[in-house]
Amino acid sequence: EDVQAKANEIKGVMRDRYFSKAAFRSPPHVTLLAPFEWPIKEVPALSNTLRQFAETQAPVPMTLDGFNAFAPHVIYIDVMKGDRLMNLQPKLLDHLEEQIGLASKRDRNRSFVPHLTVAFRDLKPNMFRQAWSVFQHQEIHFDFTVRQLTLLVHDGKLWTVKENYDFALPN
C-alpha cells in the first residue's frame with residue numbers, strides 16, 4: 001500500500017506539473033504480460049489458469065530503486081531484476097500458452113524490463129525532458145514481497161483489478 005500510495009503521488013506530480021495523466025488509467029503495477037484481447041465468455045478459464053499458476057509460485061521479493069525512462073514519453077520507477085521476478089515472467093507465458101493457448105509473439109520477442117510506470121503516452125517530449133531532468137536525480141527505494149498475481153481488465157476507459165491470485169505460502 002505504501003508503494004501504491006507513493007506511485008500515485010508521483011503520478012499526481014506528473015499530471016499537475018507535466019500534463020501527463022494517462023498513468024492514472026491503471027493502478028500502480030508491474031506488467032508481466034502486455035495487454036491482450038480475450039473473449040468475455042473465456043474469462044473464467046483465464047482466471048482458473050492464473051489461479052493454478054499462482055498457487056505453484058513462491059512470493060516474489062521486489063526492489064524498486066530510482067527512476068528510469070523510455071524516452072521520449074515514459075518515466076517509471078525502476079524495478080530491480082531479481083531472479084525470482086525474471087524467472088516468473090517466462091514461466092507465466094509458458095503456462096498460459098500451454099493451458100489456454102494464449103501466446104504472444106510480441107511478449108516472447110521483447111526483453112522483459114520490469115518497471116512501474118508513472119508517466120507515459122500523453123507525456124509530450126518537451127514535458128518529458130523537463131520531468132526527466134528532475135526525476136532522474138530523485139531517490140526512491142522500496143523493498144517488499146509480492147504475494148499475489150493480479151488480473152487487470154479494461155472497461156473501455158480504465159484498467160481495474162478483476163481478481164488477485166495468491167502465490168503459494170512459503171514453507
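Some ground rules. The model is predicted, so local features need pLDDT of at least 70 and side-chain atom pairs count only at pLDDT 80 or more, while totals for chains, interfaces and linings use all residues. Residues are numbered from 1 along each chain as its sequence is written, and side-chain values use heavy atoms, with hydrogens and water left out.

Let's start with the sheet. Helices (H or I, at least four residues) and strands (E, at least two) are DSSP runs, numbered from the N terminus. Two strands pair if DSSP finds at least two bridges between them. In general, strands of a sheet pair through backbone hydrogen bonds, either parallel or antiparallel. Here we have an open sheet of 4 strands, in the order S3-S2-S1-S4, with antiparallel pairing. Which strands stand at the edges? Strand S3, 115-119, and strand S4, 141-146. Each has a single partner strand, so one side of each is left without a neighbour in the sheet. On average, neighbouring strands of this sheet are turned by 35° against each other, direction ignored.

Now the pairings of S1. Strand S1 covers residues 60-70 and pairs with S4 over 6 bridges, in the antiparallel sense. Val-60 is opposite Val-146 in S4. On to S2. S1 and S2 run antiparallel and are joined by 5 bridges. Leu-64 stands opposite Val-79 in S2. A hairpin through 3 residues takes S1 to S2.

Next, the helices on this sheet. Angles run from 0 to 180 degrees between N-to-C directions, and axes are lines fitted to C-alpha atoms, for helices over the stretch in contact. Contact means heavy atoms within 4.5 Å. Helix H3, residues 83-100, lies across S1 and strand S2 (74-79). H3 runs at about 85° to S1. Helix H5, residues 125-135, also lies across S1 and S2, at about 130° to S1.

H1 spans residues 2-18, 17 residues in total. From first C-alpha to last, H1 reaches 23 Å, close to the 24 Å expected at 1.5 Å a residue. That expected span is 1.5 Å times one less than the number of residues. Which residues of H1 are buried? Val-3, Ala-7, Ile-10, Lys-11, Gly-12, Met-14 and Tyr-18. Buried means under 20% relative accessible area, exposed means over 50%, and partly exposed is in between (1.4 Å probe, protein chains only). The buried residues of H1 pack against S1, S2, S3, H5 and S4. Just after H1, Phe-19 takes a positive phi of about 60°.

Gln-89 sits in helix H3. Is Gln-89 buried or exposed? Buried, at 8% relative accessibility. Leaving aside neighbours within four places in sequence, Gln-89 is in contact with Leu-32 and Phe-112.

Now the core. A nonpolar core is a set of buried Ala, Val, Leu, Ile, Met, Phe, Trp, Tyr and Cys residues joined through side-chain atoms within 4.5 Å. In soluble globular proteins, nonpolar side chains tend to be buried together. The largest nonpolar core in this model has 42 residues. Ile-75, Ile-77 and Leu-149 have the most contacts inside it. At least two residues each come from H1, helix H2 (43-54), S1, S2, H3, S3, H5 and strand S5 (148-154). What does Ile-77 touch, not counting residues up to four places away in sequence? The list includes Ala-7, Ile-10, Leu-64, Phe-67, Leu-116 and Ile-140.

Last topic: salt bridges. A salt bridge is a side-chain nitrogen of Lys or Arg within 4 Å of a carboxyl oxygen of Asp or Glu. How many does the structure hold? It holds 3.

Glu-9 and Lys-6 form one, at 3.2 Å, N to O. Both lie in helix H1, 3 residues apart, about one turn of the helix. Glu-9 is partly exposed at 49% relative accessibility, and Lys-6 is partly exposed at 30%.

Asp-16 and Arg-15 also meet in a salt bridge, at 2.7 Å, N to O. Asp-16 counts as exposed at 51%. Arg-15 is partly exposed at 37%.

Then there is Arg-51 with Glu-163, where the closest N and O atoms are 3.8 Å apart. Arg-51 lies in helix H2 and Glu-163 in strand S6 (residues 159-166), so this pair ties together parts that are 112 residues apart in sequence. Arg-51 is partly exposed at 31%, and Glu-163 is partly exposed at 25%.
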